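The exercises below are to be worked through with the sequence and the 3D structure at hand. Each task is followed by a solution in steps.

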Amino acid sequence: MSFYLNDCGIVCALGASRDEVRDALLRGASGVLPTTRYSPARELPLGQAAVTGLPAVDHLPPAQRSRNNQLVLAALAQIRPAVDAAIARHGADRVGVVLGTSTSGIAETELALKAMQEQGALPPQFHYGQQEMGSPAGMLAAELGISGPAYVHSSACSSSAKAMASAARLIAMGLCDAVVTGGADSLCGFTVAGFSALESVSAERCNPLSANRKGINIGEGAALFLMSREPAAVALCGWGESSDGHHISAPDPSGAGAKLAIGQALQRAGLEAAQIDYVNLHGTATPQNDAMEAGVVADLFGAAVPVSSTKPLTGHTLGAAAAIEAALCWLLMQDDNPQGHLPPQLWDGAADPALPALNVAAPGTNLGRPLRRALSNSFAFGGSNAALVLGRMA
């Protein structure tokens, strides 16, 4: 069974619309830029979405007023006509919301605590609910006036991949006819400081698979899909999920869990590894993640399949990463990419000799035919692994 991705909205460091993101993606234009906005004592490259111009949240209850929810609304605006049509067609109780996030409104709490330190009291506009993980789904359901299932996955970097898998299950079980699914995460000092404490943050643009890789660049953004059984150009054809149970922050170096998730995704899609046109790597540019993933991809797909990490373009958007990277694949599976241009990887080209050789897509790389089948990997803290297979159906 295919679960069609009828429409897609995206906002990230590459742009605030599908056209902006697609154009920047094909040019290999990075949105990862140095700033001290979230680390005043240290300039770091971060993938910031538009700082201004996001939708207002003044009409929302105080508990739902956050930058994270602004990003969700910005992505929703791009697909709102399709979502409203689905609600009218199926009924408000037959449309659900499943999202992924890892930060929710933590940034608002940071600002509130700073104000309390300076002024002795929390600001009146602060509400604890702003940082609750379920806030984006509750806000979106209320905004759309729907009463189907609405919930959030929060499993670090696999969050929105798991959300999309859950959306497909809701449709397969007959609980929903359509689901708004994807993810959002917003930058905040908490995550920048946390990853810095783990010595996982690079002071330069991240450099996946390189012998010179030094860690991640954190980013932010949102991507939403309208998923249903109604035919469309692109579908979620398969997904896989597994748990390493190996370490709180390091992947199992054997890659057993990652292989299990990828194998499940291929099996659900009814595909062999050789039928995949492109692999979107999790590709964080940390030593252990890249070593594990390169080994898994080489073992399963060999050295010929084109691969890339798009994190040097967008930053690592944490709980939104899987949805944003699926959206990048969705954009390049549309009819306006007949030559099958692939998401490029920006790096120094100094391949780590300790890793298996992979076919890394440079800017301008194309298949010479439409991109039909893409695999996107997400490997999170705690060994939470997820893989998605997207297919062009036309």
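L122 is partly exposed at a relative accessible area of 40%, where buried means under 20%, exposed over 50% and partly exposed in between (1.4 Å probe, protein chains only). The model is predicted: local features need pLDDT of at least 70 and side-chain atom pairs pLDDT 80 or more, while totals for chains, interfaces and linings use all residues. Residues are numbered from 1 along each chain as its sequence is written, and side-chain values use heavy atoms, leaving out hydrogens and water.

**Exercise 1.** Describe the salt bridge between R80 and D84.

Solution. Step 1: a salt bridge needs a side-chain nitrogen of Lys or Arg within 4 Å of a carboxyl oxygen of Asp or Glu; the whole structure holds 15 of them. Step 2: for R80 and D84 the N to O distance is 3.0 Å. Step 3: both residues belong to helix α2 (residues 67-90), where a spacing of 4 residues puts them about one helical turn apart. Step 4: R80 is partly exposed at 26%, and D84 is partly exposed at 33%.

**Exercise 2.** Which parts of the chain are tied together by R369 and D277?

Solution. Step 1: the two side chains form a salt bridge of 2.9 Å, N to O. Step 2: R369 is in the loop between β11 (359-360) and β12 (373-380) and D277 in the loop between α7 (256-269) and β9 (278-280), so the bridge ties parts that are 92 residues apart in sequence. Step 3: R369 is partly exposed at 37%, whereas D277 is buried at 7%. Step 4: elsewhere, salt bridges with shared partners join K162, R169 and E241 into one network.

**Exercise 3.** Is H153 buried or exposed, and what does H153 contact?

Solution. Step 1: H153 sits in strand β5 (residues 150-153). Step 2: its relative accessible area is 19%, so H153 counts as buried. Step 3: with neighbours within four places in sequence set aside, H153 contacts V98, L99, G100, T101, S159, K162, A163 and S166; contact means heavy atoms within 4.5 Å.

**Exercise 4.** Find how many aromatic pairs there are and describe F195 with F381.

Solution. Step 1: ring centres of Phe, Tyr and Trp (its six-membered ring) must lie within 6.5 Å; planes under 30 degrees apart count as stacked, over 60 as edge-to-face and the rest as tilted. Step 2: the count is 2 aromatic pairs. Step 3: F195 and F381 are tilted, with 5.6 Å between centres and 40° between planes. Step 4: F195 lies in helix α6 (residues 189-197) and F381 in the loop between β12 and β13 (384-392), so the pair ties together parts 186 residues apart in sequence. Step 5: F195 is buried at 12%, and F381 is partly exposed at 33%.

Technical notes
Helix = DSSP H or I, 4+ residues; strand = E, 2+ residues; numbered from the N terminus.
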